[in-house]
Amino acid sequence: MPELVLLRHGQSLWNQEGRFTGWTDIDLSEKGKEEARNAGRLLKAKGYSFDVAYTSVLKRAVRTLWIVQDEMDLMWIPVFPSWRLNERNYGALQGCNKKEMEGRYGAQMVHRWRRGYYEKPPAIELGDDRYPAKDPRYKTLKKSEIPLTESLKDTLERLLPLWQEKIAPDLAGGNRVFISAHGNTIRALVKHIESISDQGIENVEIPTGIPLVYQLDGKLRPLAHFYLHGQD
């Protein structure tokens, strides 16, 4: 039975400060590092192991993966970093305080940007320092692949090629797969795996540092899914 474990990175420094992060490369807070350690210890204690891991190219997800691997003594397994697992690009909101943006645009609009499927935050300009084209980790991407802003729909669409070409074949081939990623890329994957409606996904929130386990059938449809807690 294919098994997939998804983990949103531990609390980041900007999570702690209540700021939109997106593609900005912000590290974990001390609480976030401890959340990652606890996740790794819990997975090991519950008897989980993995054959392959995937992560975004953002350090908060990469470091979460490293910590989990260390706690599970799985530093040796193959790891595939991909920009397709990056957090949703929040455009001009990146770096801004969420409460301040609610004051500027209204709480309802900010909620739609954060939770809606189709809504896109204001885009950044090409000359903005937050535009990632000059970042060496994206040097092989086409201009059309580097977003100025993204909806959750956009996030799912750029994630799907990785799922279809790499992750799904790994699962179908019997590999136990672990993914360290972000709130919105995990929401997008959950929507795809569970066939959640465009409206239904608005109510899905992914907590930091708590493993989400999917047990799948041969066609990678969910048989069961649950969060792993210490008391389970």
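How many bridges join strand β5 to β6, and in which sense do the two strands run? In this predicted model, strand β5, residues 212–216, is joined to β6 by five bridges, and the two strands run antiparallel. Within that pairing, L216 has P222 of β6 as its bridge partner.

This pairing belongs to an open sheet of six strands in the order β3-β2-β4-β1-β5-β6, in which the pairing is mixed. The edges are formed by β3 and by β6, residues 222–227, each of which pairs on one side only. On average, and with direction ignored, neighbouring strands of the sheet are turned by 15 degrees against each other.

To β1 it is joined by five bridges, with the two strands running parallel, and V5 has F178 of β4 as its bridge partner. With β2, too, β4 pairs in the parallel sense, here over four bridges, and Y54 has I179 of β4 as its bridge partner.

Is β4 mostly covered or mostly open? The strand is mostly covered, since five of its five residues are buried. In a regular strand the side chains alternate between the two faces of the sheet. In β4, V177, I179 and A181 point one way whereas F178 and S180 point the other way, and all of them are buried.

Helix α3, residues 59–72, lies across β1, β2, β3 and β4, and runs at about 140 degrees to β4. Helix α7, residues 183–194, lies across β1, β4, β5 and β6, and runs at about 150 degrees to β1.

The next topic is the packing of nonpolar side chains. In soluble globular proteins, nonpolar side chains tend to be buried together. The largest nonpolar core of this model has 31 residues, and those with the most contacts inside it are L4, L6, W163 and I179. The elements that give two or more residues to this core are β1, β2, α6, β4, α7 and β5, and α6 gives the most, with nine residues.

What does W163 touch, if residues up to four places away in sequence are not counted? The contacts of W163 are L4, A168, P169, L171, L189, H192, I193 and L220.

One of the contacts of W163, P169, has its place in helix α6. Counted in the same way, without residues up to four places away in sequence, P169 touches W163 and Q164. P169 counts as partly exposed because its relative accessibility is 41%, a value that lies between the limits of 20% for buried and 50% for exposed. The C-alpha atom of P169 is separated by 9.9 Å from that of L220, a residue 51 places away along the chain.

Aromatic rings give a further view of how the chain is brought together. A pair of aromatic rings is described by the distance of the centres and the angle of the planes. Counted by ring centres within 6.5 Å, the model has seven aromatic pairs. One of them joins F20 and Y90 in a tilted arrangement, at 5.0 Å centre to centre and with 50 degrees between the planes. This pair links distant parts of the chain, 70 residues apart, with F20 in the loop between α1 and α2 and Y90 in the loop between β3 and α4. Both F20 and Y90 are buried.

F50 and F178 form a tilted pair as well, at 5.0 Å centre to centre and with 45 degrees between the planes. Here too distant parts of the chain are linked, with F50 in the loop between α2 and β2 and F178 in strand β4, 128 residues apart. Why does F50 count as buried? Its relative accessibility is 3%, and therefore F50 counts as buried; F178 counts as buried because its value is 2%.

Elsewhere, W23, W83 and Y138 form one aromatic cluster.

Conventions: Residues are numbered from 1 along each chain as its sequence is written. This is a predicted model: local features need pLDDT of at least 70, side-chain atom pairs count only at pLDDT 80 or more; totals for chains, interfaces and linings use all residues. Side-chain values use heavy atoms; hydrogens and water are left out. Rings of Phe, Tyr and Trp (its six-membered ring) pair if their centres lie within 6.5 Å; planes under 30 degrees apart count as stacked, over 60 as edge-to-face and the rest as tilted. Buried means under 20% relative accessible area, exposed over 50%, partly exposed in between (1.4 Å probe, protein chains only). Two strands pair if DSSP finds at least two bridges between them. Axes are lines fitted to C-alpha atoms, for helices over the stretch in contact, and angles run from 0 to 180 degrees between N-to-C directions. Contact means heavy atoms within 4.5 Å. A nonpolar core is a set of buried Ala, Val, Leu, Ile, Met, Phe, Trp, Tyr and Cys residues joined through side-chain atoms within 4.5 Å.
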